[in-house]
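Could you look this one over with me? My notes are below the structure.

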Amino acid sequence: MANQNDNIEAEIVSVLEERVPAGTQITPQARIARDLGLDSVAVMDFVMDIEDHFDISIPLDRIAEVETVEDLTRAVEALLKDKG
Amino acid sequence: MSIFAKFDDIRTAFNALTDVGRNPFGIRFDEILSPTEAVLDGRPILLFGTNNYLGLTFDQAAIDASIDAIRQAGTGTTGSRIANGTYAGHAELERQIADFFGKRSAMVFTTGYQANLGLISTVAGKGDHLLIDADSHASIYDACKLSAAEIIRFRHNDPADLARRLRRLEGLPGSRIIVTEGLFSMLGDTAPLREIAAVKREMGAYLIVDEAHSMGVMGKHGRGLAEVAGVEADVDFIVGTFSKSLGAIGGFAVSDLPDFDLLRVVCRPYMFTASLPPSIVASVTASLKRIATDNLLGARVQANSRRLHNGLAQAGFDIGPEANPVCAIRIADTELAIRFWNALVEGGVYLNLALPPATPASLSLIRSSVSAAHTEAQIDRAVSIIAYIGQQLGVLSENASRIAMPAAE
């Protein structure tokens, strides 16, 4: 499980790297809006990239609970599990 | 710590904005002279940012009807429809709106914002799935917050993405409700409604279309984008407003669904607010009658839209491809957009400044709305001023041919 989680996180980071300034340090604890310089619309666009990447839809209330890369990893993991 | 500390980021951005010039969110006209002219700081200014698409705010029949209604029924209803009663005018207006759209039922709300808030949050309940265009108006997003349904955003104007998201829901219980807008208020682009309606039919979803900016403006009979796209039968609910083409305030929803009137006893933003005053109901009823019978108004706003769009495109501005009454100059540099907007106000043209995050794709926008009441001379003058100042400030490339500032009138 931990292994799958690591993969999800690595994939999220790779999608995120395309949206943040080159060289930005992305850690699991990085807060997506506050630390990575994305405004609220850019965050929502990034979330859509993540949804496409994993072929899931992340409902708005779940997005509202996400602050860090780690939170997003957990949300994606849970949705992938629901999908089966 | 101040209770307002949570807005520190906003305060910083707002201060940076007002350091440069006027407060774009606090502009105060001395006087409104007509649908197209006002006085600002003692000087005349052309209005190109009002949403007054048909110019009916000074329509004589609407004004007369409004005054008569105040004398007959008073200044306000002092209560809500369910607790304090419906006036004959409310019922008559609802009948007329339903007839205008050729639908079975209509419900009037106190504002357009409340129409979206009420309809969307109520029809989408727990276990249902709301699928909204990502560029939806704030009233649609706020409706989502009030709704117990699951909220999924689809990519702006992308029916394939919508279909993909609906397919991901396969096997889950609950209704699917798609929400989009006819004419989007920021960039002035229109939804691919024919394709969205096809997805709706294929996937067995419901469809809500907000025609706030397109009613009276688009379609042969002014019924909005659904009329243009030929999909009125597929739209389960049309939402709209009285504050734009109808020149007053208020909102509505229309539908053919037999149980629609149940909403009157379950829709909280309808039930727990005061109803529209008689004067507003009367002017809206008069203006609705006008747009139902006067096809020239719609034709004139369309022609004026093309004139402004062509003028700005020829000057070299970055605007969208569609010539609609909303036309937005896109500027990547926020600081430049703010200076441009200030210089335009000083130059005698009022437009709207829209900044991220209220705009799509982090763009800054100088947004204009055209009216049927604008004369060709007013449009040409506005285009000349916008082009001259745009060139002075470097919004237009220096390669463009030199543009002269038009002489004062």
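1. First, the ground rules. This is a predicted model, where local features need pLDDT of at least 70 and side-chain atom pairs count only at pLDDT 80 or more, while totals for chains, interfaces and linings use all residues. Residues are numbered from 1 along each chain as its sequence is written, chains are lettered from A in the order in which they are written, and side-chain values use heavy atoms, with hydrogens and water left out.

2. Helix H11 of chain B (residues 278-293) has 16 residues and reaches 23 Å from first C-alpha to last, close to the 22 Å expected at 1.5 Å a residue (1.5 Å times one less than the number of residues; helices are DSSP runs of H or I, at least four residues, numbered from the N terminus). H11(B) is mostly covered, with 12 of its 16 residues buried (under 20% relative accessible area, 1.4 Å probe, protein chains only). Among the buried ones are Pro278(B), Val284(B) and Ile291(B). The buried residues pack against helices H2 (60-73), H4 (88-101) and H12 (295-315) of chain B.

3. Now the chain contact: 18 residues of chain B touch 16 of chain A (heavy atoms within 4.5 Å). Arg153(B), Arg155(B) and Arg168(B) lose the most area to chain A on the chain B side, together 44% of what that side buries (accessible area, 1.4 Å probe, lost on being put together, summed over both parts). About 1400 Å² is buried between the chains, 47% of it from carbon and sulfur atoms.

4. Between chain B and chain A there are 5 salt bridges (a side-chain nitrogen of Lys or Arg within 4 Å of a carboxyl oxygen of Asp or Glu). Asp52(A) and Arg155(B) meet in a salt bridge at 3.0 Å, N to O.

Methods
Helices (H or I, at least four residues) and strands (E, at least two) are DSSP runs, numbered from the N terminus. Buried means under 20% relative accessible area, exposed over 50%, partly exposed in between (1.4 Å probe, protein chains only). Buried area is the accessible area (1.4 Å probe) that two parts lose on being put together, summed over both.
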